[in-house]
Amino acid sequence: MAIAPVVKSLSDITPHYIGDNRSVRLAVLSGPADGSGTTVVLEIWEPGGSQPDNSHEESTETFVVLRGTARAHSDEHVADLGPGDVIVLPATSVHHIVNTSATERLYTITVMENDGGFADLILTGPEASLDAADAAVLGAVLTAA
């Protein structure tokens, strides 16, 4: 018998913070708990928000910008990003992304090839929440669970 696909509603998704950083919320859309070695995340940066420098030994990380503007730093390279842009950060690069807007959130879909514990890092962080503006970026409506 074939394995059934995993179907989730946005109202089933809980974003989290990583550590003490409260400027970026991460919501795991799929990952190891769903039977995948690749993790897919909705990331939401508050205006001016940034990740700390980070690196993944065996994981390529891809960001698809849905809304907002950003500056990506990867080792000595810098790239400005906007809606529709895709950036692929190579394994071992030291990188971070900054929301360059002082007033608007930045939204990305992030794909972490070879999860390497990324989903667990997110899911064990402090819980956050999604609001109607976040749902609208995905063309969804939040419903009560």
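Two strands are said to pair if DSSP finds at least two bridges between them. In this predicted model, strand E3 (residues 61-67) and strand E6 are joined by four bridges and run antiparallel.

Strand E4 (residues 70-74) pairs with E5 in the antiparallel sense over five bridges. Ser 74 stands opposite His 77 in E5, and His 73 has Val 78 as its bridge partner in E5. E4 and E5 form a hairpin with two residues between them. Asp 75, in the turn of this hairpin, has a positive phi of about 55 degrees.

Positive phi values also occur in two loops. Thr 92 is found in the loop between strand E6 (86-89) and E7. This residue has a positive phi of about 75 degrees although it is not a glycine. Thr 92 is partly exposed, with a relative accessible area of 45%. Asn 114 lies in the loop between E8 and H1. Its phi is positive as well, at about 60 degrees, and Asn 114 is not a glycine either. With a relative accessible area of 42%, Asn 114 is partly exposed.

Strand E7 holds His 96. The relative accessible area of His 96 is 17%, and the cut-off for a buried residue is under 20%, so His 96 counts as buried. The side chain of His 96 is joined to the side chain of Asp 53 by a polar contact of 2.7 Å. Leaving aside its neighbours within four places in sequence, His 96 is in contact with Ser 50, Gln 51, Pro 52, Asp 53, Arg 71, Ala 72 and His 73. Among these contacts, His 73 is the residue whose bridge partner in E5 is Val 78.

Ser 101 is located in the loop between strand E7 (95-99) and strand E8 (106-112). Its relative accessible area is 13%, and Ser 101 is therefore buried. The side chain of Ser 101 reaches the backbone nitrogen of Glu 104 at 2.8 Å. When neighbours within four places in sequence are left aside, Ser 101 is in contact with Pro 47, Gly 48 and Thr 69.

A further buried residue is Gly 31, with a relative accessible area of 2%. Gly 31 is found in the loop between E1 and strand E2 (39-45). Not counting residues up to four places away in sequence, Gly 31 touches Ser 36, Thr 38 and Thr 39. The C-alpha atoms of Gly 31 and Val 41 are separated by 8.6 Å, and the two residues are ten residues apart along the chain.

Empty space in the model was also examined. Rolling a probe the size of a water molecule over the atoms shows where empty space is left. The largest pocket has a volume of about 340 Å³. This pocket is lined by 19 residues, and the closest to its centre are Ile 18, Asn 54, His 56, Phe 118 and Leu 121. Strand E1 (24-30) and helix H1 (118-123) are the elements that give two or more residues to the lining of the largest pocket.

Methods. Residues are numbered from 1 along each chain as its sequence is written. This is a predicted model: local features need pLDDT of at least 70, side-chain atom pairs count only at pLDDT 80 or more; totals for chains, interfaces and linings use all residues. Side-chain values use heavy atoms; hydrogens and water are left out. Buried means under 20% relative accessible area, exposed over 50%, partly exposed in between (1.4 Å probe, protein chains only). A polar contact is a pair of N or O atoms within 3.5 Å; within protein, one must be able to donate a hydrogen and the other to accept it, and residues adjacent in sequence count only if both atoms are side-chain atoms. Contact means heavy atoms within 4.5 Å. On a 1 Å grid over the protein atoms alone, a cavity is a set of points where a 1.4 Å probe fits but cannot get out, and a pocket is an open set with protein on both sides within 12 Å along at least five of seven lines; lining residues have an atom within 4 Å of a point. Grid points are joined across faces, edges and corners, and a volume is the space filled by probe spheres set on the points.
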